[in-house]
Amino acid sequence: MKTLYLNIRELLQVREDNIHKVDGKDMQSLPTIKNAFLLIEDDLILDFGEMKDAPKKNIENVVDVRNKIVLPSWCDSHTHLVYAGNREQEFVDRIKGLTYEEIANKGGGILNSAKTLQQTTEGELYEQSAKRLEEVIKLGTGAIEIKSGYGLTTEAELKMLKVIAKLKKNYPIAIKSTFLGAHAVPTEFKENKDAYISKIINETLPKVAQGKLADYIDVFCEKGYFSVGDMEAILFASKKYDLTPKVHVNQFNAIGGIPAAARHNALSVDHLEVMEDRDFDSLKNSNTMPVGLPLCSFFLGIPYTPARKIIDNGLPFALATDHNPGSSPSGNMNLVVATACIKMRITPEEAINAATINGAYAMGLSETHGSITKGKKANFIVTKEIPSYSYLPYDFGNNNIDMVVLDGKVVS
Ligand code: NIG
Ligand code: FE
């Protein structure tokens with residue numbers, strides 16, 4: 001069935017060629033068509049252009065979106081959306097003066113979430129996660145990556161990955177899954193981290209691969225969690241299962257995770273709140289996407305990823321939510337885009353590129369998602385009546401979404 005969207009005030013992120021990402025200075029350009037039409041057939045984009053060229057015949061369905069803006073749905077390439085329970089008590093403890101690190105050292109943090117998740121049934125975990133997924137779809141997210149990493153036993157990690165697989169099957173949104181067994185060292189392995197790494201490599205990873213439960217592999221490379229050597233051992237072991245790395249690096253300390261991940265051809269390096277000169281150099285010679293998570297910086301009160309410097313160095317840059325119970329309980333990409341403009345001082349054009357086409361690249365979906373291109377998925381957001389696209393980050397915290405279309409169907 002063909003549907004024609006008419007009188008679009010401005011159609012954003014229009015790419016004639018199927019580009020996969022935008023780098024450096026090119027991020028300043030956000031190609032648009034004013035007073036546009038968008039024609040879709042079933043789940044795909046068939047055509048677009050100026051209203052004067054809009055097709056007039058053989059259209060089954062016409063939608064007038066006068067004064068509204070249309071843009072590709074958000075591509076959220078880094079989330080931990082599958083989790084059990086919440087951690088609002090730790091939030092209150094941080095307000096009262098404890099640091100994220102002190103809370104983790106007391107057995108809180110990731111280990112706290114793992115304990116809850118281990119005691120939660122697969123059915124209950126699915127219900128809690130499906131509710132969050134439905135919420136972010138309403139907020140305009142049209143493609144998402146979800147990680148394991150709150151299981152920390154083989155059984156509980158597989159439980160998380162099965163929940164992600166079930167979400168993939170039951171929802172129209174594109175989902176990529178990532179195995180993050182090395183998210184924290186479980187208490188019982190506290191004195192013997194190497195034994196936990198061996199367990200991940202020799203027991204959990206083969207089962208994850210056998211069940212085809214992951215698209216990517218992740219490691220939290222950080223002081224007190226996993227060293228560069230630990231990360232490299234896990235990434236090396238994942239190669240035989242064809243799992244591409246997408247890793248947590250440089251959140252609190254620069255310990256060499258970025259050059260190591262680039263050497264392992266990581267698809268993305270995420271967090272990057274702390275960066276050294278060598279980190280920029282190693283990314284320049286790679287196909288690895290740097291990903292910033294501004295809501296994590298906002299929520300924990302830690303530095304923001306130097307997005308301005310990353311882009312000014314000619315590199316690409318993507319934005320994601322990090323949706324998780326400890327460092328970013330929000331999965332709102334609209335807020336991510338606004339926070340990036342306000343706190344990272346990147347322009348609306350750069351932020352929208354970072355949250356659409358570059359986000360799609362950071363989860364291997366830019367062939368089908370992230371821009372208005374013929375043949376790509378008909379996944380887009382119709383805004384309320386707003387004056388311009390800069391109004392989106394300017395009007396931060398308010399919901400300017402009128403309609404969400406996924407695979408050609410209006411879902412919200
Ligand atoms: O990306 N940094 C590691 N992992 C998550 C947070 C984990 C948690 O606190 O539950 C993150 O911020
Ligand atoms: Fe994360």
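This is a predicted model: local features need pLDDT of at least 70, side-chain atom pairs count only at pLDDT 80 or more; totals for chains, interfaces and linings use all residues.
Contact, meaning heavy atoms within 4.5 Å, links 30 residues of domain 1 with 32 residues of domain 2. About 2400 Å² is buried between the domains, 68% of it on carbon and sulfur atoms. Buried area here is the accessible area (1.4 Å probe) that two parts lose on being put together, summed over both.

Eleven residue pairs are in polar contact between domain 1 and domain 2, both residues being at pLDDT 80 or more. A polar contact is a pair of N or O atoms within 3.5 Å; within protein, one must be able to donate a hydrogen and the other to accept it, and residues adjacent in sequence count only if both atoms are side-chain atoms. The count of salt bridges between the domains is zero, a salt bridge being a side-chain nitrogen of Lys or Arg within 4 Å of a carboxyl oxygen of Asp or Glu. On the side of domain 1 that touches domain 2, strand β15 (residues 401-406) supplies the largest share, three residues. Helices (H or I, at least four residues) and strands (E, at least two) are DSSP runs, numbered from the N terminus.

Buried means under 20% relative accessible area, exposed over 50%, and partly exposed in between (1.4 Å probe, protein chains only). The contacts in the table leave aside neighbours within four places in sequence.

| Residue | Relative accessible area | Contacts |
|---|---|---|
| Thr-154 | 8% | Lys-199, Glu-203, Thr-204, Lys-207 |
| Asn-332 | 18% | Leu-139, Leu-295, Thr-321 |
| Val-208 | 1% | Leu-158, Leu-161, Phe-179, Leu-213, Ala-214 |

Thr-154 belongs to helix α5 (residues 154-170), and its side chain makes a polar contact of 2.9 Å with that of Thr-204. Val-208 is placed in helix α6 (residues 193-210). Although Val-208 and Phe-179 are 29 residues apart along the chain, their C-alpha atoms are separated by 7.7 Å.

In helix α7 (residues 228-238), the buried residues are Val-228, Asp-230, Met-231, Ile-234, Leu-235, Ala-237 and Ser-238. Their cover includes β8 (174-182), α6, β9 (216-221), β10 (244-249) and α8 (257-263).

Helix α12 is mostly covered, with eight of its eleven residues buried. Those buried residues are Met-333, Asn-334, Val-336, Val-337, Ala-338, Thr-339, Ala-340 and Cys-341. Asn-332 lies in the loop between β13 (318-319) and α12 (333-343). At the start of α12, a side-chain oxygen of Asn-332 comes to within 2.9 Å of the backbone nitrogen of Asn-334. Just after α12, Arg-345 adopts a positive phi of about 55°.

Key. Residues are numbered from 1 along each chain as its sequence is written. Chains are lettered from A and ligands numbered from 1 in the order in which they are written. Side-chain values use heavy atoms; hydrogens and water are left out.
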